[in-house]
Amino acid sequence: MTVVMTAAVAVLVLAGLFSLLGLGGAMLYVPVLHGLGYDFKAVAIPTALLLNGLTTLSAAVGHARAGLVDWRGGLPMAVTSLAAAPLGALGTRYLATETLVLLFALGLVAAGAHMLAGARRPEPEALLPAGRRAALTAAAGLGVGAIAGLLGIGGGFLILPLLLAVGYPTKQAAATSAFIVVFASLSGFAGHVAVGHFHWPLLAATGLAAVVGAQLGAWVMRERLRARWVRQAFGVLLLGVAFRLVWPVLLA
C-alpha cells in the first residue's frame, strides 16, 4: 500500500471518529501525516486544514437537516474566523516547527482538561439570547481563526468548549461547531496554498476519504451517542494526542 493510500485509510477512520464530536480531525490528521513522512509545515498542516473543512462540511449538512445547527450563534463566529485564519497561516513562516508543535499540544491539554471537568454537568435548559450569543461568538472567532490557521487545525477543540461555556446543549454545540469549523479550515487552507503549501495527490485521496467517514460518524452522533459520552471521549482524545505530540520533543 502506498503512503498516499495509507493516509487515505487513516483519514477515513479518523473522520468518522471526529465527526462524532463535531470536529474535523485536524488535531490527529497533522501528526498522522507527519508520522507518514510528510513535512509538518509544507504538507501536513495545509492538508489537515482541507480535510478538516471537508469533514465538518459533510457532517454539518446532516446536522443542519436534523435542526441541530444554531445559525444565529454560529454564523458570526464563522465570519470572523474566516477573516482571521489566513493571518495565522502566514505566521507559520516565522515560527519553528518545534514551537508550533508545543503550542498545539498546550492547546489540546487545556481543552481536554476543561471537557473532562465538565462531563457530568447537566445539560442547559435554554440558550442565551440571540444577540448576546452572536456578540460572544463573533469576538471569539477572531482568536479561533488565527490559531486555526497558525496550527493547521479547524479550531474545533476551542470552539466546542466555548459553545458549551456559552450554554449550548452538547449535541447542538457539536453540530454548530462543525458548521463554524468549515470556514476557518478552508480559509486557512487557502492561506497555505497562497504560499505554496500543497500536495495534490494526497489532497485528492484523503479528501474523498474524509467526506465518506464524516457522513457515517455524524449519523452515529445524532442517533446513538449520549451527551456525556461526547464530552468524555473528546477530553480523553485531546489529552492523548497532546502527549503523543510532545513526547518526541521531550526526548530530543
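Just after helix α2, G37 takes a positive phi of about 105 degrees. Helices here are DSSP runs of H or I with at least four residues, strands are E runs of at least two, and both are numbered from the N terminus. This is a predicted model, where local features need pLDDT of at least 70, side-chain atom pairs count only at pLDDT 80 or more, and totals for chains, interfaces and linings use all residues. Residues are numbered from 1 along each chain as its sequence is written, and side-chain values use heavy atoms, with hydrogens and water left out.

Back to α2 itself, which spans residues 26–35: 7 of its 10 residues are buried, so the helix is largely enclosed by the rest of the structure. Those buried residues are A26, M27, L28, Y29, V30, P31 and L33. "Buried" is under 20% relative accessible area, "exposed" is over 50%, and "partly exposed" is in between, using a 1.4 Å probe and protein chains only.

Helix α7 (residues 156–166) is mostly covered too, with 8 of its 11 residues buried. The buried set is G156, F157, I159, L160, P161, L163, L164 and V166.

Now for the helix pairs. Two packed helices are described by the angle between their axes and the distance between the axes. The axes are lines fitted to C-alpha atoms, for helices over the stretch in contact, and the angles run from 0 to 180 degrees between N-to-C directions.

| Helix pair | Axes come within | Crossing angle |
|---|---|---|
| α3 (residues 40–65) and α8 (residues 170–194) | 7 Å | roughly 150 degrees |
| α7 and α8 | 9 Å | roughly 140 degrees |

With that angle, α3 and α8 are therefore roughly antiparallel to each other. For the labels, under 35 degrees is roughly parallel, over 145 is roughly antiparallel, 65 to 115 is roughly perpendicular, and the rest is oblique. α3 passes α8 in a left-handed crossing. Left-handed is when the near helix is turned anticlockwise from the far one by less than a right angle, right-handed when clockwise. On the α3 side, the contact residues include I45, L49, L50, T56 and L57, and on the α8 side they include A178, F179, V182, L186 and F189. Sorted by class, this contact has 13 nonpolar, 7 polar and 1 charged residues. Nonpolar covers Ala, Val, Leu, Ile, Met, Phe, Trp, Tyr, Cys and Pro, charged covers Asp, Glu, Lys and Arg, and the others, Gly among them, are polar.

The α7 and α8 pair is therefore oblique, and α7 passes α8 in a right-handed crossing. G156, I159, L160, L163 and L164 of α7 meet T170, A173, A174, T176, S177, I180 and V181 of α8. This contact has 8 nonpolar, 4 polar and no charged residues.

One arginine also deserves a look. R133 sits in helix α6 (residues 130–151) and, at 7% relative accessibility, counts as buried. Leaving out residues up to four places away in sequence, R133 touches D70, R72, G73, L127, L128, V166 and Y168, where contact means heavy atoms within 4.5 Å.

Finally, the whole chain. The protein chain has 10 helices and 0 strands. Buried residues make up 53% of its 252 residues. Of the contacts between residues at least 6 apart in sequence, 85% join residues at least 24 apart. The C-alpha atoms fill a box of roughly 50 × 35 × 35 Å along the principal axes.
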